[in-house]
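Please consult the sequence and the model alongside the text.

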Amino acid sequence: MPESLQHLQFAHPWLLVLLAVPAGLAVWLAVRRKSLYPTLRIPTLAGLRPHVRPLRGWIKQGLPVLRVLALVLMVIALARPQRAFSEEEVSTEGIDIVLAMDVSLSMKALDFAPDRLEAAKAKAIEFVGMRKNDRIGVVIFAGESFTQCPLTNDYILLSRVLQELREGFLEQGTAIGMGLATAVNRLKDSEAKSKVIVLLTDGVNNSGLIDPYSATEAAVAYGIRVYTIGVGRNGTAPFRVQNAFGDEFIQQQEVELDEDLLREIARRTGGQYFHAGNDRALDEVYTEIDRLEKSRLQVTRLSRKAEVFYPFLLAALALLLLELGLRYLVVRSIP
C-alpha cells in the first residue's frame, strides 16, 4: 500500500455504501451497450474503411467509464477521507547512577572467569548497555578512591572506561568508605529524580580516611539509594603468583568479605544487598538491579487529522468536464 494511503480513514464511512450506485450504473451501461450497438456481420470492410474513424468510436465507448469513475470519486469525497497523524511526546524521569568498583589486588582472585575484576567489568559493561536515558559514572577504589568517569550518557565511552580498569595503580587496601563517599560526592548535586550507587567489593574496609557508616549517612542525607554487591566468599580463593625465579603458579590465599557491612549500607539507604558467589550470580545481580531501577517514561499521545477529500472531489469534477468536452466537442453526440 502506498505510504500516503496507510493512515487514510473516513469521517463518514457508512456513506461508502453509495458506491453501489456507480457499480449498478456500470452494470446497466454494459447491458444497455449491447442493445445500442448490435452486431452486424458483413463479408468485407473494404468499402467502409475510408469512412471509419476508430479513435472517435473508442472515445464514444469510453465516455460512460468516465462518468462511472466520476461518481465513484464523488462518493469517496462525500465520505470525507482524512489522513491521521499520531505523535508521542516522551518525558523521562532520569536516573543518575554511579558504579563504585573495588580494584584492589584481591579482585584478581581466580574463582571467577577469568578473575573477579574481569568478570565484574564484563557484567558492568552489559549493565551499561541495558540502560536507556540515564547518566552513569564510574568510581574506583582500593586503599583510596578516584572518579574514573563523571556522570555521562555516552555509553560507548563508559564501556571503554570500564574495559580499561586495572588493579594495582591505586594505594593498596580496601577503602569501602572512601569509595562510597566519592560516589556520593558525584551525585550530591544531581537534579535527577532518582540517584543510585552500585557498590561492588570483595573485601572488608581496612583503610581510608572516611569510615563506611559516615559515608552511608551522607548517602541518606542526599536521598541516594545504594545497592551493594559482595563478590566471592569468606575462606580461601585461588590467585596467580610468581616465585623468585618468575615462574607462575596458582596458590590458595585467605580472603574475607564483610557482608554485614554491605547489608547495613543497603538497608540504611533503601537499597538492597546482593551476594555474587560466581559468574552466573553476578550476571543475575546486575539484571535484577536493572529491573529495579528502570527509567520511568511518561508518554503523551497526540492525534491530528487532515482533510483529504479535496483531491477526490476535484478529480471527479475533472472527469465530468472531460466527459462533457469529449462528448460535445470530439464525438459530437447528444445523449
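## Nonpolar surface patch

Leu321, Leu324, Tyr328, Leu329 and Val330 make a nonpolar surface patch of about 490 Å². Patches are built from residues with over 30% relative accessible area and no salt bridge, like charges being joined within 9 Å and nonpolar side chains (Val, Leu, Ile, Met, Phe, Trp, Tyr) within 5 Å. Accessible areas follow the Shrake-Rupley method with a 1.4 Å probe, and for residues only the protein chains shown count as cover.

Val330 belongs to helix 9. Val330 has 32% relative accessibility and therefore counts as partly exposed; buried means under 20% relative accessible area, exposed over 50%, and partly exposed in between (1.4 Å probe, protein chains only).

## Basis of the model

The model is predicted: local features need pLDDT of at least 70, side-chain atom pairs count only at pLDDT 80 or more, and totals for chains, interfaces and linings use all residues. Residues are numbered from 1 along each chain as its sequence is written, and side-chain values use heavy atoms, with hydrogens and water left out.

Helices (H or I, at least four residues) and strands (E, at least two) are DSSP runs, numbered from the N terminus.

Strand 6 (residues 194-201) is mostly covered, with eight of its eight residues buried. In a regular strand the side chains alternate between the two faces of the sheet. From strand 6, Ser194, Val196, Val198 and Leu200 point one way, while Lys195, Ile197, Leu199 and Thr201 point the other way; all are buried.

Strand 6 runs parallel to strand 3, to which seven bridges join it; two strands pair if DSSP finds at least two bridges between them. In this pairing Ala100 stands opposite Leu199 of strand 6. Strand 6 also pairs with strand 7 (residues 224-231), in the parallel sense and over seven bridges, and Thr201 stands opposite Gly230 in strand 7. Together with helix 6 (residues 212-221), strands 6 and 7 make a right-handed β-α-β unit. A crossover is right-handed if, with the strands pointing away from the viewer, the path from the first strand over the helix to the second runs clockwise.

## Salt bridges between separate parts of the chain

Side chains of opposite charge can pair when their charged atoms come close. The whole structure contains 22 salt bridges, each defined as a side-chain nitrogen of Lys or Arg within 4 Å of a carboxyl oxygen of Asp or Glu. One of them joins Arg67 and Glu323 at 2.9 Å, N to O. This pair links distant parts of the chain, since Arg67 lies in helix 2 (residues 54-78) and Glu323 in helix 9 (residues 309-331), 256 residues apart. Arg67 is partly exposed at 35% relative accessibility, whereas Glu323 is buried at 2%.

Glu167 and Lys108 form another salt bridge, at 3.8 Å from N to O. Glu167 lies in the loop between helix 4 (155-163) and helix 5 (176-187), and Lys108 in the loop between strand 3 (95-102) and helix 3 (116-130), so the pair ties together parts 59 residues apart in sequence. Glu167 is partly exposed at 23% relative accessibility, and Lys108 is partly exposed at 25%.

Glu259 and Arg263 meet in a salt bridge of 3.8 Å, N to O. Both residues lie in helix 7 (residues 259-269), four residues apart, about one turn of the helix. Glu259 is partly exposed, with a relative accessible area of 21%, and Arg263 is partly exposed, with 41%.
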